[in-house]
Amino acid sequence: MNCIRNCKLCPKLILSQSITFTTDTLVVNLPANSYGNCKEYCVVLAQSLPDETTINAPVVFTIGDGTTTYPFVNCDCTPILASQVRTRRLYKVRVNTAVNAGVFKYIGDCPLPSNSTTLINSLPAETTPAL
């Protein structure tokens, strides 16, 4: 068998650097890089989820040493929660920076399934009159 000496990983493959659970949010840190508007990347959650992670925790990304968080949303624009992600799985995303900050949108074949609970059923939230 001959070895190909110019093996390279795809430059759009991004492995997370760390995953933490803080302030009821699952924070996935990505390597410092320039993530361009409308560009596609394949993100892999390379570390295990912390044991204290709750299923309803929203998933956000940070980049490098930065503290700005960027939401991870499903292909239908709903927030992706901790119950919907798995480690060592590839998530195809598209970055959108047209929303004042930025968002990582999952662009897989179908929405990630959710088993989370909802606190309210409609907006605005109905208030129950005091008796």
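This note sets out points on the strands, cysteines and charged side chains of a predicted model.

1. Basis of the note. The model is predicted: local features need pLDDT of at least 70, side-chain atom pairs count only at pLDDT 80 or more, and totals for chains, interfaces and linings use all residues. Residues are numbered from 1 along each chain as its sequence is written, and side-chain values use heavy atoms, with hydrogens and water left out.

2. The sheet. Eight strands form an open sheet with mixed pairing, in the order β1-β4-β7-β8-β6-β5-β3-β2. Its edge strands are β1 (13-15) and β2, each of which pairs on one side only. From one strand to the next, the twist averages 35°. Strands (E, at least two residues) and helices (H or I, at least four) are DSSP runs, numbered from the N terminus. Two strands count as paired if DSSP finds at least two bridges between them. In general, strands of a sheet pair through backbone hydrogen bonds, either parallel or antiparallel.

3. Strands β2 (residues 18-22) and β3 (residues 25-30) pair in the antiparallel sense over five bridges. Ile19 has Val28 of β3 as its bridge partner. Two residues separate the strands of this hairpin, and Thr23 in the turn has a positive phi of about 50°. The covered face of β2 carries Ile19 and Phe21, whereas Ser18, Thr20 and Thr22 are on the uncovered face.

4. From β3 to β5. Strand β3 is also joined by five bridges to β5 (residues 59-63), and these two strands run parallel. Here the bridge partner of Asn29 is Thr62 in β5.

5. Where is Asp51 placed? Asp51 belongs to the loop between β4 and β5. Asp51 counts as exposed because its relative accessibility is 79%; the classes are buried (under 20% relative accessible area), exposed (over 50%) and partly exposed (in between), with a 1.4 Å probe and protein chains only. Although Asp51 and Thr20 are 31 residues apart in sequence, their C-alpha atoms are 9.8 Å apart in space.

6. Cysteines. How many disulfides does the structure hold? The number is zero, where a disulfide is a pair of cysteine sulfur atoms within 2.5 Å. Cys42 is partly exposed at 23% relative accessibility, while Cys38 is exposed at 51%.

7. Salt bridges. The structure holds two salt bridges, each being a side-chain nitrogen of Lys or Arg within 4 Å of a carboxyl oxygen of Asp or Glu. One of them joins the side chains of Glu40 and Lys92 (3.7 Å, N to O). Glu40 is in β4 (residues 40-44) and Lys92 in β7 (residues 90-96), so this pair ties together parts that are 52 residues apart in sequence. Glu40 also meets Arg94 in a salt bridge (2.4 Å, N to O). Because Arg94 lies in β7 and Glu40 in β4, this pair ties together parts 54 residues apart in sequence. Glu40 is partly exposed at 29% relative accessibility, as are Lys92 at 37% and Arg94 at 33%.

Notes:
Axes are lines fitted to C-alpha atoms, for helices over the stretch in contact, and angles run from 0 to 180 degrees between N-to-C directions.
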